[in-house]
Structures are given as C-alpha cells and as structure tokens.
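User: I am new to this structure. Please take me through how its parts meet.

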Amino acid sequence: MLGLGSTAGIFGLFDSPKARAENRTTPAYAKGMAPVTIKSVRAITTAPGGPNLVIVKVETSEPGLYGLGCATFTQRALVVVPAINVYLNEFCVGKDVDNIEDMWQSAYVSSYWRNGPDLNNALSGLDQALWDIKGKRANMPVYQLLGGKARFAVDTYTHASGPTPEAVADKVQQFMEMGFRHIRIQQGGYGGVGAMADIKPDFKAAGFARETDDFSDQRTYLKRVPKMFDIVRKRCGEDIQLLHDMHELTEPIDAINMIKGLEEYRPYFIEDPFSPENMGWFKQLRATTSVPIAMGELFNNVNEFKEPMANQLFDFIRIHISQIGGITPAMKVARLGEWFNVRTAWHGPGDTSPVGHAANNSIDIAVWNFGIQESQMFNDKVKEVFPGCPTIKNGYYHVSESPGLGIDINEKEAAKYPIGTKSRWTVRKSDGTILKP
C-alpha cells in the first residue's frame with residue numbers, strides 16, 4: 001500500500017498542466033457569474049432638507065443592479081453634475097464593477113490635475129456606489145466587507161445651539177434626556193454668527209459688500225465661548241461630553257489662547273482651530289494645551305493627513321468622506337490613524353446626504369480607532385426621498401444589515417425638490433475683511 005501511494009504521489013507531481021487545471025476547484029464566487037460592467041453613471045440632484053444634495057447612481061449590465069453614492073458639494077452642486085454625467089460616465093462605461101481600487105486610482109489621475117473639490121466629490125460618489133454594488137453582489141452590508149463589526153453601534157454627537165449660554169444649556173439638557181452622551185455647543189452659528197445682533201458691523205454702514213453677508217466679531221466670540229462652557233458645565237454636570245467647532249474663524253494665536261483657557265471644562269474635542277493655510281500653528285498649539293483637537297474636513301487630498309497624523313498634531317480625523325474621494329481613501333486614512341492612536345470623527349453635516357451618512361457608518365462600525373460620528377436627524381421629506389435613512393436611538397446610529405449601503409433613492413420624490421445655486425459662506429470682520437472658514 002505504501003508503494004502504491006508513493007507511486008501515485010510521484011505521478012501526481014509530474015502530471016500535465018491541463019490535468020492540474022481540470023482538478024482545481026473553481027471558487028464559489030466565480031461559478032456561473034459573468035463579469036458585471038458599468039452601463040451608465042449619472043447624477044441625481046435633490047434638496048428635501050434644504051441643502052443641495054448630489055447623488056451618483058451607477059447602473060450595471062446586470063438588470064436591476066445599481067449602486068448609490070454621495071457626491072454632494074452643496075456650495076457648488078451644479079458644477080459637480082457635469083463632472084459625473086459627462087466625464088465619469090464616459091470614463092467608466094464598460095468597466096468591471098468589481099475593480100474598485102483600479103477604478104479609484106485611474107479616475108483620480110485621469111484629469112491629470114487632481115485634488116480639485118469638484119472632481120473629488122464626483123469621485124467620492126462613484127466610489128461609494130461601487131462599494132454599494134459590491135455589497136449587493138456579495139449579499140452583505142458594506143461594513144462586512146471592511147472587516148465586520150468592531151462595536152455594536154455607532155456613537156454620535158448632536159448639535160445644541162442658541163442665542164445665549166442659558167439657551168444652549170437648555171438644549172443640552174433636552175438632548176441628554178434623549179440619550180446623547182456627546183453634544184456640540186455653539187452660541188449662534190460658527191464664530192458666533194447670528195448671535196451678535198447687538199453689534200453693528202461698520203462695513204454694512206459703509207455700504208461695503210452685500211447686505212446679506214455674515215459678520216463675526218472675533219473678540220466678542222473669543223470671550224463668549226469660555227463663558228458658554230462654564231454655564232453649560234455647571235448646569236449639565238461633569239458626565240456629558242462637550243464639543244465645540246471654531247470653524248477657523250479667529251487668528252491662530254487667539255485660537256491657541258482660547259483653547260488653553262477651556263482646559264478646565266474638559267472638552268471632548270475642539271474642532272478646526274486653524275484654516276488649512278495655517279497648519280504650521282499646530283505644533284505651537286500642541287505644546288501649549290492638552291485639549292483634544294479635531295481637524296481635516298477642509299482637507300481636499302488624502303495626503304494632507306499624513307504628516308499631521310504621523311506627528312500626532314491632532315486627535316481626531318475630521319474627514320468629509322463625500323469629498324475626500326469616498327470609502328476607499330477614507331479607509332486608508334483610518335488604518336493609518338490606528339498606528340498613531342488618532343481616532344475617526346467623520347464630518348456628517350446636513351449637507352451630507354443619507355447615502356453619505358450610510359457610508360460614514362459603514363466605516364465607523366468596522367474600524368478599531370473609531371472616535372465619534374457627527375449625527376443628523378432627517379425630516380420626513382428626506383426619509384421619503386431616501387428609503388432606509390440611518391436612524392438614531394439613544395444617541396447611537398444602528399447600521400443597516402441590508403446588502404450594500406442599505407439605502408435607496410426615490411427619484412420621483414427627489415425631483416420634487418430642485419437644487420439652487422445660493423451659497424452663504426461669506427463671513428466678514430467689522431471692516432469687511434473676509435474671514436476664512
């Protein structure tokens with residue numbers, strides 16, 4: 001018997017390539033599955049909640065199979081649409097939907113000049129839609145393809161704002177009763193915009209710029225923030241985690257001094273102290289205060305995160321996934337953050353569509369170095385346009401278990417809410433000087 005076995009083994013070693021190929025087991029995923037290619041790439045625009053939203057729909061050669069992604073650039077929505085309908089459509093038609101990495105890399109450099117926000121948003125929508133398709137083909141939610149659950153749900157923060165610190169504290173208490181453990185506090189809008197009615201900017205009296213331009217007095221804002229933290233902390237206690245977004249609307253040295261003064265209130269993080277043009281100030285900020293910092297929603301290129309993360313200049317990765325290029329690059333940045341103990345805090349404002357929020361949550365649930373997720377509560381109009389909207393319970397997003405991103409779009413309902421072209425990102429000092437967000 002030993003001899004016969006040895007002989008059979010020897011013959012097995014020297015059999016022909018054809019025989020070996022015939023004996024090889026075909027992987028399950030390849031049995032009877034013809035390649036699926038891209039049939040069309042097009043934009044769907046809608047604004048059921050107010051902000052302009054741009055959705056990419058990728059239709060495939062397999063009847064009924066399509067994917068959705070968020071390509072929203074709300075301030076310049078109409079510029080993104082032809083980038084999707086003309087350039088990405090022409091670029092993608094006929095390509096294999098499974099090759100996401102190749103599609104991302106080739107699309108990223110196909111315009112030669114890269115790193116522009118319009119094309120980045122379009123590419124983000126394409127990438128998310130391809131992941132949605134891959135999940136549907138695998139009959140799995142996207143988070144399973146990213147490694148499965150690292151936690152049972154996605155912890156979130158919500159936004160409490162008001163004209164006075166007392167009004168902000170009232171809102172914080174309301175959200176605490178709803179189960180939120182993390183709450184961002186703002187007196188008025190970013191930089192106190194809208195909460196300075198008692199101050200009349202000189203540029204308006206002089207007839208300079210538009211009457212509708214917003215105004216922020218930096219000194220007033222810098223004095224109000226510590227007072228707001230003090231009142232909210234005294235009223236709401238030590239257990240609630242408080243956040244604040246500066247939105248880059250002060251001078252860097254003033255931001256450093258204010259953040260140092262907030263240490264006694266133990267913020268969960270302070271967001272965006274400096275504009276992207278002032279990244280050099282982070283070393284001084286880090287040496288001055290131990291307050292955690294979140295940064296990055298205005299970064300336009302994944303490479304902008306590398307040096308600050310490697311040097312641990314901030315604590316939370318503030319990526320806008322529908323702008324940075326989609327799930328593919330965001331996962332790479334998240335994995336890099338794990339090596340430096342930098343956590344995720346994806347940007348999730350009202351001008352991120354429910355599709356974009358579903359993409360955020362798919363990564364949040366899967367990566368080890370998750371920190372927190374900005375939340376949105378969708379109104380009934382949004383829910384009608386986007387069946388399967390992410391839902392919040394007790395301050396947690398619970399991810400969909402449906403294949404793909406678990407969300408759809410009702411195009412007939414979406415058409416009821418056309419997008420516009422107005423943008424309100426103009427904030428000035430009293431003399432009319434532009435403040436950079």
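Analyst: Domain bounds here come from an automatic or database domain assignment. The assignment gives domain 1 (34-141) and domain 2 (144-404). This is a predicted model, in which local features need pLDDT of at least 70, side-chain atom pairs count only at pLDDT 80 or more, and totals for chains, interfaces and linings use all residues. Residues are numbered from 1 along each chain as its sequence is written, and side-chain values use heavy atoms, with hydrogens and water left out.

User: How much area do domain 1 and domain 2 bury between them?

Analyst: Buried area is the accessible area (1.4 Å probe) that two parts lose on being put together, summed over both. Of the area between these domains, 59% is on carbon and sulfur atoms. The total is about 2700 Å².

User: Which side chains meet in a salt bridge?

Analyst: A salt bridge is a side-chain nitrogen of Lys or Arg within 4 Å of a carboxyl oxygen of Asp or Glu. Between domain 1 and domain 2 the count is 1. At 2.8 Å, N to O, the pair is Lys332 and Glu101.

User: Is Trp104 buried or exposed?

Analyst: Buried means under 20% relative accessible area, exposed over 50%, and partly exposed in between (1.4 Å probe, protein chains only). Trp104 has a relative accessible area of 6%, so the residue is buried.

User: Which backbone oxygen does the side chain of Trp104 reach?

Analyst: Contact means heavy atoms within 4.5 Å. Beyond four places in sequence, the contacts of Trp104 include Ile324, Gly325 and Thr328. At 2.9 Å, its side chain reaches the backbone oxygen of Gly325.

Key: A polar contact is a pair of N or O atoms within 3.5 Å; within protein, one must be able to donate a hydrogen and the other to accept it, and residues adjacent in sequence count only if both atoms are side-chain atoms.
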